[in-house]
Amino acid sequence: MSRLDIIDAAFHYASKDLSRDQYVLLAFGWPGDAPASFEEIAEFVCSRAARVPELLTRLQEVPGNLDYPRWVHDDRIHDGASLRSRVVDLPSQTWEDVPRAVEGLVQIPVDAAEAPWRVHVACDVEGAPHADGKAAVVVFQVSHALTDGRGASRLARLLFTPTLPTGPTTGSVAAAPGTQLPHAVSSLLELPYRLLAARVGAARARRAFVRAHGVGPTSRDAARPAVRGNAAPMRSRVVHMIACPPGVFRRASFSVTTCALTAVSLATDRYLADAGDTTPDSLNALVPMALPEEVRWPAVNRIVNGSVDLHVEIDDLTERAGAIRASLSAARTAVVDPLLTRWIRAENKIPAPIFLAARRRGAKHARPSHDLPEAVLTNVTVVSVNRGDAGIELCGARPILTAGFPMLGPARSLSHGFYGIGNTVTVCVTACPETFPDHARYVEILEKAVADVLEATTVPN
């Protein structure tokens with residue numbers, strides 16, 4: 001059976017308190033003034049979902065949480081019609097309505113034990129960027145325990161493939177549902193051995209890493225001064241979307257990710273100066289990085305967070321982008337260090353009862369503070385996702401933009417996402433309004449910073 005790895009399970013457990021789901025927003029421009037109906041869209045989506053194995057599963061927990069949950073086939077699903085309840089209304093009539101609707105979605109996780117995904121649909125939205133007339137806006141919401149950001153993009157593309165597949169698409173097939181009691185009993189009997197093996201393996205991997213590098217990857221030497229936005233968030237969320245002109249990133253001499261990091265460095269510097277603060281030269285970004293397929297990894301979430309220096313001490317934007325590109329390359333090399341991935345794999349062999357007990361102790365003794373900390377490991381968060389070409393559709397409508405909404409977390413009251421499809425890129429900001437009340441002002445500064453970086457790095461014709 002498809003047993004969750006601890007990394008995937010951690011997202012499942014965390015979502016019981018606050019959503020950790022993935023959200024893929026896609027806007028499709030209707031040809032002419034004849035949008036498809038909600039029922040037509042639901043039929044289109046469900047007919048494709050019925051052929052995607054991952055979307056035909058649900059999560060089944062082990063009695064007493066003695067082992068991590070398992071994905072099982074959802075035997076309630078027989079065809080596309082039985083998936084109909086997973087396509088729901090997104091109450092938005094204009095593009096200005098969309099962010100407000102999304103702000104509610106990002107606070108409410110799916111119940112993976114019932115259904116690990118949902119599609120929210122607004123059929124005829126007025127004023128969508130890049131649209132000649134009305135647009136359909138859909139948000140594919142999927143449990144982070146089922147997939148990571150790349151996987152969410154892949155699943156979304158399968159839901160909007162132009163041609164209906166004749167058979168099941170490739171993907172992991174879960175086992176039939178049944179009692180998990182035998183797994184609970186065997187896990188209980190194996191617990192002492194598994195705990196000892198996890199601790200011994202982690203200690204050896206840690207020593208090997210420190211011998212090679214002289215220090216751990218999260219040592220106190222890596223801490224740096226906190227900046228506005230590094231307070232721990234509360235529960236509420238706001239989202240903003242900046243739709244950049246089509247093709248503008250393609251004319252830049254740097255990748256989308258490098259331009260994104262450079263723009264965020266400039267926006268943060270300007271925002272802090274505007275607020276009367278000094279930007280520390282040590283300003284850096286947390287950047288989720290996908291592991292290459294050849295790296296052995298037990299979880300479906302094949303992401304390791306890298307730390308990228310933002311080089312705010314360099315005034316010239318082209319030179320700064322070059323320095324950021326070098327730092328980004330070094331970070332990508334660091335996250336695939338075999339000693340690091342071995343260490344992470346060893347640490348993640350902790351049995352479920354021990355992991356959950358430690359999680360309960362941490363929650364019990366935590367004294368959450370929403371004040372700005374003195375020091376953090378990373379200052380800002382930047383997610384960059386390429387969702388592929390524009391060769392998908394919805395009932396004859398073609399994609400005009402995509403967006404996403406990176407989660408917040410400890411010391412992260414603000415996150416940035418740069419999402420591309422075809423030749424368009426949308427800049428997205430998620431923030432907690434209580435702990436980062438200047439979010440609207442910051443987005444104005446960020447929009448100008450993106451334009452300035454693209455102008456500075458554009459290759460002349």
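**Reading helix packing, burial and backbone angles**

Q: Which residues in α6 meet which residues in α10?

A: From α6, the residues C259, T262, A263, V264, L266, A267, T268, R270, Y271 and D274 meet R441, Y442, I445, L446, K448, A449, V450, D452, V453, L454 and T457 in α10. By class, this contact of α6 with α10 has 13 nonpolar, three polar and five charged residues. Contact means heavy atoms within 4.5 Å. Ala, Val, Leu, Ile, Met, Phe, Trp, Tyr, Cys and Pro count as nonpolar, Asp, Glu, Lys and Arg as charged, and the others, Gly among them, as polar. The model is predicted, so local features need pLDDT of at least 70 and side-chain atom pairs count only at pLDDT 80 or more, while totals for chains, interfaces and linings use all residues. Residues are numbered from 1 along each chain as its sequence is written, and side-chain values use heavy atoms, with hydrogens and water left out.

Q: At what angle do α6 and α10 pack?

A: Axes are lines fitted to C-alpha atoms, for helices over the stretch in contact, and angles run from 0 to 180 degrees between N-to-C directions. Helix α6 (residues 256–274) and helix α10 (residues 439–457) pack at about 130°, with axes 8 Å apart. The two are therefore oblique to each other; angles under 35 degrees count as roughly parallel, over 145 as roughly antiparallel, 65 to 115 as roughly perpendicular and the rest as oblique. Helices (H or I, at least four residues) and strands (E, at least two) are DSSP runs, numbered from the N terminus.

Q: How do the axes of α7 and α10 cross?

A: The axes of helix α7 (residues 317–335) and α10 come within 9 Å and cross at roughly 95°. That makes α7 roughly perpendicular to α10. L317, T318 and A321 in α7 meet D452, V453, A456 and T457 in α10. These residues divide into four nonpolar, two polar and one charged.

Q: Is N284 buried or exposed?

A: Buried means under 20% relative accessible area, exposed over 50%, and partly exposed in between (1.4 Å probe, protein chains only). N284 has a relative accessible area of 0%, so it is buried. N284 lies in strand β10 (residues 284–290). Its contacts, leaving aside neighbours within four places in sequence, are R224, S307, V308, D309, L310, L377, T378, N379 and V380.

Q: Which side chain makes a polar contact with the side chain of N284?

A: A polar contact is a pair of N or O atoms within 3.5 Å; within protein, one must be able to donate a hydrogen and the other to accept it, and residues adjacent in sequence count only if both atoms are side-chain atoms. The partner of N284 is the side chain of S307, at 2.8 Å.

Q: Which residue caps the N-terminal end of α8?

A: D337 does, with a side-chain oxygen 2.9 Å from the backbone nitrogen of L339. Within α8 (residues 338–347), L340, T341, W343, R345 and A346 are buried.

Q: What is the phi of N65?

A: Most residues other than glycine have a negative phi. N65 is not a glycine, yet its phi is positive, about 50°. N65 sits in the loop between β3 (57–60) and β4 (70–73) and is partly exposed, with a relative accessible area of 27%. C395, also not a glycine, has a positive phi near 50°. C395 belongs to the loop between β13 (380–386) and β14 (398–404) and is partly exposed at 29%.

Q: Where is A397 placed?

A: A397 is in the loop between β13 and β14. A397 is buried, with a relative accessible area of 0%. A397 and A36 are 361 residues apart in sequence and 9.0 Å apart in space, C-alpha to C-alpha.
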